[in-house]
Amino acid sequence: LIFESPTTRGFQPGVLVPVALPTVYKHQRIAQQNQVKLAERERGVTANALRYNVRTVYNELLYLRESIANYRRQDSLLIDFARVTEVRQRVGQISRITVLNAKSQRELEYQLDQTRARSRSNRIQLALLMGVPNDTSLRVTGPFVKGRFTGPYAVVDTFAQNPQTAVARQNLVLSESLLTLEKKRRLPNLIFGYLNQGGADSPLLYRLRFGVSLPFYGWVARSRIDAAKIDVNIAQTEIALKQYQLRGDFDKSYADYLQYGEALDYFESIGLREAEEIVRAARDGYRLGVIGYYDYLLSLQSAFKIRAEYLEAIRNYNNAIIAMQYLRGE
């Protein structure tokens with residue numbers, strides 16, 4: 001808004017409006033649309049991370065559930081062991097100190113309580129991730145088995161669906177659109193205005209103003225363009241860097257997948273069957289007096305250690321699959 005006094009008898013109100021060329025507004029709109037798309041891609045990153053966290057916590061809860069069952073079974077065998085020990089002591093086969101030692105082998109209760117506490121903590125975390133922090137009824141269901149990994153290891157664009165890749169690429173598109181916008185801003189602006197410099201009866205045509213604004217300081221526009229070019233180069237580098245990071249994380253998860261897969265093959269074909277045989281033979285041998293107190297405990301600990309390692313291998317195997325799914329954006 002301007003006020004001038006061309007007749008020196010009073011101020012006349014006027015207005016001047018600088019207007020950029022249509023191409024500037026067009027590319028400004030494109031840049032703003034790309035900014036919105038970038039925000040949508042960033043939301044995809046958050047959703048992918050949320051899926052990963054939920055799957056990981058759920059897998060951990062399944063593992064803890066089976067670990068509790070494993071501890072309970074081991075504890076029941078120790079109770080049976082203590083009962084048999086008392087019988088053998090009454091018939092004079094062993095001393096009372098052996099009975100007391102057998103009854104003292106109840107440290108599993110402490111381990112069981114610790115596992116239950118971890119399970120409660122993970123249920124709270126799962127409720128928070130699912131948006132129901134006050135829900136205490138969440139429980140895991142279904143068997144705790146090894147998951148499935150579909151898809152070849154090496155493909156041309158393994159991480160095309162990963163939201164982080166989409167963010168990096170959209171950021172490049174945004175940087176390129178901002179560079180184009182800065183180039184268009186070097187063009188002159190048009191000026192339209194209205195100001196009555198004559199009397200009240202002056203024609204309307206001569207009250208209008210028209211002009212063009214020329215970029216006087218060219219170095220200002222040049223510096224903005226150079227900065228936009230640097231942003232484009234940075235965005236291109238971030239795409240390559242993100243691909244290297246995803247590939248490195250994927251290779252590590254795939255190595256874990258192969259390692260724990262081989263361990264599971266051993267447990268399922270040999271280890272678990274041997275553990276059951278060890279428990280059965282130890283119970284029968286101790287009941288009949290063939291093996292002693294310490295041999296029984298060592299056999300029991302060895303068998304349940306195999307079972308615990310098997311459960312841990314399933315957990316790590318599934319975590320490797322979950323990590324690969326996360327890295328592939330699945």
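Modeller: Begin with pairing: two strands pair if DSSP finds at least two bridges between them. Helices (H or I, at least four residues) and strands (E, at least two) are DSSP runs, numbered from the N terminus. The model is predicted, so local features need pLDDT of at least 70 and side-chain atom pairs pLDDT 80 or more, while totals for chains, interfaces and linings use all residues. Residues are numbered from 1 along each chain as its sequence is written, and side-chain values use heavy atoms, without hydrogens and water.

Colleague: Which residue of E3 stands opposite Val 19?

Modeller: Leu 190 does. Strands E2 (residues 12–19) and E3 (residues 189–195) run antiparallel and are joined by six bridges.

Colleague: What is the order of the strands in the sheet?

Modeller: The sheet is open, has four strands in the order E1-E2-E3-E4, and its pairing is antiparallel. Strands E1 (2–4) and E4 (208–213) each have a single partner strand, so one side of each lacks a neighbour in the sheet. On average, neighbouring strands here are turned by 25° against each other, direction ignored.

Colleague: How many helices and strands does the protein have?

Modeller: There are six helices and four strands, and along the sequence the pattern reads β-β-α-α-α-α-β-β-α-α.

Colleague: What share of the residues counts as buried?

Modeller: Buried means under 20% relative accessible area, exposed over 50%, partly exposed in between (1.4 Å probe, protein chains only). Of the protein's 330 residues, 34% are buried.

Colleague: And contacts along the sequence?

Modeller: A contact means heavy atoms within 4.5 Å. Among contacts with a separation of 6 or more, 80% join residues 24 or more positions apart.

Technical notes. Axes fitted to C-alpha atoms, helices over the stretch in contact; angles between N-to-C directions.
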